[in-house]
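This briefing is for a reader who is new to the structure shown below. The notes are grouped by topic and can be read alongside the coordinates.

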Amino acid sequence: MSENVRRKPPYEAAEIEAERQAAWVDRGDYSAPAPPPDGEHGVYVKSSSPFTSGNLHMGHVRDYTIGDAYARFQRARGRSVLMGFGFDAFGLPAELAAIERQIPVAGWVEECGERMLGQMQRLGYSFDYDRVFYSSDEGQYRWSQWLFLTLYDMGLIYLDDTTVDWCDTCQTTLATIQVEEGGTCWRCHNEVRLIRRPTWFLKITPYLEENDANMAKLEEQPWDELALATQRYILGRADGVEFELDAPGGPLTVFTPHPDAAGLATFVLLSPRHPEIDAWIGDEGVRAELEQLRSGGWERSARDASAVPVVDTGRSIAGPDGSELPVLISPLVDARFGPTVALGIPAVDEADRDVAERFPDRIPTPDPVDDVDGPKNHDMADFSAHQHAVEGARGAKRYRANDFSISRQRSWGTPIPIVHCPDHGPVPVPEADLPVVLPRDIKPTGEGNPLAERPDFVDVPCPECGEPAKRETDTLDCHFDALFLWVPATLPPEDRATQMFTHPESRKWLPAERQVAGGDSGGFVFDQRIVTKALRDHGELDYLTDGEPFAGVLFHEMVIADGRKMSKHLGNVVDPDELVAQFGADTVRVAVLWAAGPAKTLNWSDAAIRFANKFLRSFWTYAHDRFVELDGAKHDPEKAAETEKQREKLRGWCENGLGRIADDTAELQLHKSIRNLTRLFERIQQFEKQLKKRGQLDRVDAEALVAAILLLARALQPFAPHAAEQILINSGRFTSDDLPGAWPDAGTIPVAVDDALSGAL
Ligand SMILES: [Zn+2]
Ligand SMILES: [Zn+2]
């Protein structure tokens, strides 16, 4: 090897990383992966789709470093790997930023996205950058519109009234975060009121049962505990019993999660969204009260159980034992069991007790019966747990998860492909006329409804009769665009216009082997699982037979500092750019992985950076020193034969260490991978120290030492790809074109003297 590569270069992270990143571009590491051969399934790593805020924060760095390490590891194992990425570019954050700067949103989004992509490349993330997409691109939101029309056609999208916050001064609806504490407008600080307005809803109830049934299967797959827990929580399954009570208009099915106490019910609680609700409202006063409840913003207060409104219908129904049960209406039912009817059993249920206490004249105060849900006190054994069960009750379940609104009065969102005709009502835009284009030059001010004020957008002929009609001026909530953000990266960009959901290549990547996302992404994943089932039933995704888009999911917790959430206000924001500039991308990557396992909140401290930087520096120096020493090592066959045992031990350590690192990495326990890398480094140093007690290393031992160092460097590639690759190149045994190469094998460590002196030495 030339003197040039054998000198001892200092660890200059910025220089090394720039050089390696340029080489990766040349080598084509970032270009689209070949789809796996027939009969094989590719590894698709789906990382978070961030808002185009303009800056990566440490949570993103954590997310993408985990995904990238996994992707690089799987490539080294010979798998076809796709690391796809796109921006969730519509939505309120971008709109608010543009309002503040008084510029069109589109330009702002593009500028922010470019900046973030630059940051990602600087961190060495091996995304397929050719496949990057923005949900706000016409070619992309055309498919949001297609999805809307498809689901509408399937009866899964409907129009209904909902309450929204409204500012009279600004003449606009407000998002929850735009309403200040105390109920005033963020912009003009006048009082906000709640109004009822028609809103588009996505119907998810037909698929809740299947999402539930699939949980057992997902538990067997690489879904981590946090991810599974979010799916169970959002589903909100309650098990219990149901039976019919005789009502004037026909039998009413009632539910309770307390099977053994059903006979102790003292009232019945009806959801305001129950389909038979009208039968219970005879009195105009009750109707008015219910209307008020509906428009009075119970959605805003529903989180506080003691403040949830309850309307007394004044009517009663005969209970299972013939006693009169008052019928009340409250959204409390929805918050617990969905739009159903629940028995009120104050004797065993705390929430029911709170309700009962508010109607002392109507509901008798019960004696508390603590032991109904399973006797805790053995002296009470004569109390039969089934004493208060209701005969004929059947096992039943309810889900709290429910349909949600998908439209917003916002100008930065996917236009809803609906035209309102005076004669035909809401008429879908024909698919051939998609996309309904969002004017790019809109400058939102926070006042009024910018889309409604654009005659060029609003005034169109009705697709059915051709008469003058008006376009829908609500846009889709960005949550709707996100329903299929896991799809676009699975096909070549040039084919997205025609085959977004039907491309043959997608079948090689879906279901995604791993979704890596923040712990707050449970809602996205839940709804993505629902839509996958709808598109399976519609035919496009028929190959995803169980309707699951993700074979595995890893949810990581967030990154905080000083024990608190990072925020500008607290002045504790850690800027990834500054860290990268000061220490290099590899140090930041190793630090963020080492500092905490994914299931734990990462409390950022300089200790992690110091640790990572020290490890990389010392390994770098150690490796280069040994490359030089190898050149001067002498060989004595007899002496070399004496240390065969030590070399065998070294090989064993490497084998063991590599096995652990591989297992940890495959399970995304990357903090353990880093720990085991540092341990293996210690072992390698130990090997040398022991031999040096006998004097200068024999050439065979020096050779074994270098082989172990190269092994470690190769195992380090997924985590600190730049430094690891440069060490491999500087060893003189690899050129840039040989890399990144395969996952190492401890068999390369010479044990017998002959091994060492034959072959590649
Ligand atoms: Zn206002
Ligand atoms: Zn018409």
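In this predicted model, the zinc ion (ligand 2) is held by four residues: Cys 421 (SG), His 424 (ND1), Cys 462 (SG) and Cys 465 (SG), at 2.1 to 2.4 Å. The zinc ion (ligand 1) has Cys 167 (SG), Cys 170 (SG), Cys 185 (SG) and Cys 188 (SG) as its donors, at 2.2 to 2.4 Å.

**Zinc ion (ligand 2)**
- The arrangement around the zinc ion (ligand 2) is tetrahedral because its four donor atoms subtend angles of 102 to 122°.
- For four tetrahedral donors at a metal, the ideal angle is 109.5 degrees.
- Along the sequence, the donor residues of the zinc ion (ligand 2) follow the spacing C-x2-H-x37-C-x2-C.
- Cys 462 has a relative accessibility of 3% and therefore counts as buried.

**Zinc ion (ligand 1)**
- The site of the zinc ion (ligand 1) is tetrahedral, with angles of 99 to 115° among its four donor atoms.
- The donor residues of the zinc ion (ligand 1) are spaced C-x2-C-x14-C-x2-C in sequence.
- Cys 185 is at 0% relative accessibility, so this residue counts as buried.
- Cys 188 has a relative accessible area of 23% and is therefore partly exposed.

**Nonpolar cores**
- The largest nonpolar core has 179 residues, and Phe 148 and Trp 604 touch the most other members.
- Helix H25 (residues 699–716) supplies the largest share of this core, with 13 residues.
- A second, separate core consists of 28 residues, including Ala 247, Ala 265, Val 286 and Ala 347.
- In soluble globular proteins, nonpolar side chains tend to be buried together.
- Apart from neighbours within four places in sequence, the contacts of Phe 148 are Ile 157, Trp 200, Ile 406, Ile 416, Pro 417, Ile 418, Leu 476 and Phe 480.

**A four-stranded sheet**
- An open sheet is formed by four strands in the order S2-S1-S25-S26, with parallel pairing.
- Strand S2 (81–84) and strand S26 (553–556) are the edge strands, each pairing on one side only.
- On average, neighbouring strands of this sheet are turned by 15° against each other, direction ignored.
- Strand S1 (residues 43–46) and strand S25 (residues 514–518) run parallel and are joined by two bridges.
- Val 45 has Arg 514 as its bridge partner in S25.
- Helix H3 (residues 58–76) packs on the sheet and touches S1, S2, S25 and S26.
- The direction of helix H3 makes about 165° with that of S2.

- Where in the chain does Pro 450 lie? Pro 450 is in the loop between strand S21 (425–428) and helix H14 (455–458).
- Is Pro 450 buried or exposed? Pro 450 counts as buried, because its relative accessibility is 17% and the cut-off for buried is under 20%.
- Neighbours within four places in sequence aside, Pro 450 is in contact with Ser 411, Ile 442 and Pro 444.
- Pro 450 and Trp 412 are separated by 38 residues in sequence, and their C-alpha atoms are 9.6 Å apart in space.

Notes: Residues are numbered from 1 along each chain as its sequence is written. Chains are lettered from A and ligands numbered from 1 in the order in which they are written. This is a predicted model: local features need pLDDT of at least 70, side-chain atom pairs count only at pLDDT 80 or more; totals for chains, interfaces and linings use all residues. Side-chain values use heavy atoms; hydrogens and water are left out. Donors are N, O and S atoms within 2.8 Å of the metal (3.2 Å for Na, K and Ca); water is not among the atoms, so sites may look incomplete. Four donors count as tetrahedral if all angles lie between 85 and 135 degrees; four count as square planar and six as octahedral if opposite donors are over 155 degrees apart and all others between 65 and 115; anything else is irregular. Buried means under 20% relative accessible area, exposed over 50%, partly exposed in between (1.4 Å probe, protein chains only). A nonpolar core is a set of buried Ala, Val, Leu, Ile, Met, Phe, Trp, Tyr and Cys residues joined through side-chain atoms within 4.5 Å. Contact means heavy atoms within 4.5 Å. Two strands pair if DSSP finds at least two bridges between them. Axes are lines fitted to C-alpha atoms, for helices over the stretch in contact, and angles run from 0 to 180 degrees between N-to-C directions.
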